[in-house]
Amino acid sequence: MAGTEQGSTDGTETLEDLPPSAKLVFKVLEYNGALTQKGIVEESMLSARTVRYALERLERIGVVDEDVYFADARQNLYELTDPAGEFTTDEKEACCAD
């Protein structure tokens, strides 16, 4: 999602506008794929309350989806909505140019 990486001046919140804890949760999900809240707490070393708040903020801007964790229905599974769409084409080319 190209728009999630840029700051916004029109009043809509973007990934860049979020607190560092939410950005860390985003990166944990980006590197590890879908995780439960407990898994995110373990990987990020943030408190459960901080992770919960970060996930709420990430869901609000539409970069994280919540789904049922079938191995334990008491928990939810969180994953990025579009992990491959993080960069725009120009950024990928600039990053990977020879």
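Reader: Starting with S21: buried or exposed?

Author: Buried, with a relative accessibility of 17%. Buried means under 20% relative accessible area, exposed means over 50%, and partly exposed is in between (1.4 Å probe, protein chains only).

Reader: What kind of model is this?

Author: This is a predicted model, where local features need pLDDT of at least 70 and side-chain atom pairs count only at pLDDT 80 or more, while totals for chains, interfaces and linings use all residues. Residues are numbered from 1 along each chain as its sequence is written, and side-chain values use heavy atoms, with hydrogens and water left out.

Reader: What's the average pLDDT of the chain?

Author: The average is 81, and 72% of the residues score at least 70. pLDDT is the predictor's confidence in each residue, on a scale from 0 to 100.

Reader: Where does pLDDT stay under 50?

Author: One such stretch is residues 87-94, with 4 contacts beyond four places in sequence. A contact here is heavy atoms within 4.5 Å. Where pLDDT is low, the predicted coordinates should not be read in detail.

Reader: Back to S21. Which helix is S21 in, and what does S21 touch?

Author: S21 is in helix α1. Leaving out residues up to four places away in sequence, S21 touches L46, T50 and A54. Helices are DSSP runs of H or I with at least four residues, strands are runs of E with at least two, and both are numbered from the N terminus.

Reader: Where's L46?

Author: L46 is in the loop between α2 (37-44) and α3. L46 and S21 are 25 residues apart in sequence, yet their C-alpha atoms are 7.7 Å apart in space. With residues up to four places away not counted, L46 is in contact with S21, L24, V25, V41 and V51.

Reader: What about M45, where is that one?

Author: M45 is also in the loop between α2 and α3. Its phi is near 60°, a positive value in a residue other than glycine. Most residues other than glycine have a negative phi. M45 is exposed, at 74% relative accessible area.

Reader: Now the helices. At what angle do α1 and α3 pack?

Author: About 80°, with the axes 9 Å apart. Axes are lines fitted to C-alpha atoms, for helices over the stretch in contact, and the angles run from 0 to 180 degrees between N-to-C directions. α1 and α3 are therefore roughly perpendicular, a label for 65 to 115 degrees; under 35 is roughly parallel, over 145 roughly antiparallel, and the rest oblique.

Reader: Which residues make that contact?

Author: From α1 they are S21, A22, V25, F26 and L29, and from α3 they are T50, V51, A54, L55 and L58.

Reader: And how do α1 and α2 cross?

Author: At roughly 105°, with the axes coming within 10 Å. That makes α1 roughly perpendicular to α2. L24, V25, V28, L29 and N32 of α1 meet I40, E43 and S44 of α2.

Reader: How many residues are in the largest nonpolar core?

Author: It has 19 residues, and those with the most contacts inside it are V25, L29, I40, L55, L58 and V64. α1, α3 and β3 (76-80) each give two or more residues to this core, and α1 gives the largest share, 5 residues. A nonpolar core is a set of buried Ala, Val, Leu, Ile, Met, Phe, Trp, Tyr and Cys residues joined through side-chain atoms within 4.5 Å.

Reader: What is L58 in contact with?

Author: Aside from neighbours within four places in sequence, L58 is in contact with L15, L18, A22, V25, F26, V63 and V64.

Reader: Switching to charges, how many salt bridges are there?

Author: There are 3. A salt bridge is a side-chain nitrogen of Lys or Arg within 4 Å of a carboxyl oxygen of Asp or Glu. One of them joins E13 and R57, at 2.4 Å from N to O. E13 lies in the segment before α1 (20-32) and R57 in helix α3 (residues 48-60), so the pair ties together parts 44 residues apart in sequence. E13 is partly exposed at 28%, whereas R57 is buried at 11%.

Reader: How far apart are the closest N and O atoms of E30 and K27?

Author: They are 2.8 Å apart, in another salt bridge. E30 and K27 are 3 residues apart in helix α1, about one helical turn.

Reader: And D72 with R74, what's the N to O distance there?

Author: It is 2.9 Å, again in a salt bridge. D72 is buried at 17%, while R74 is exposed at 76%.
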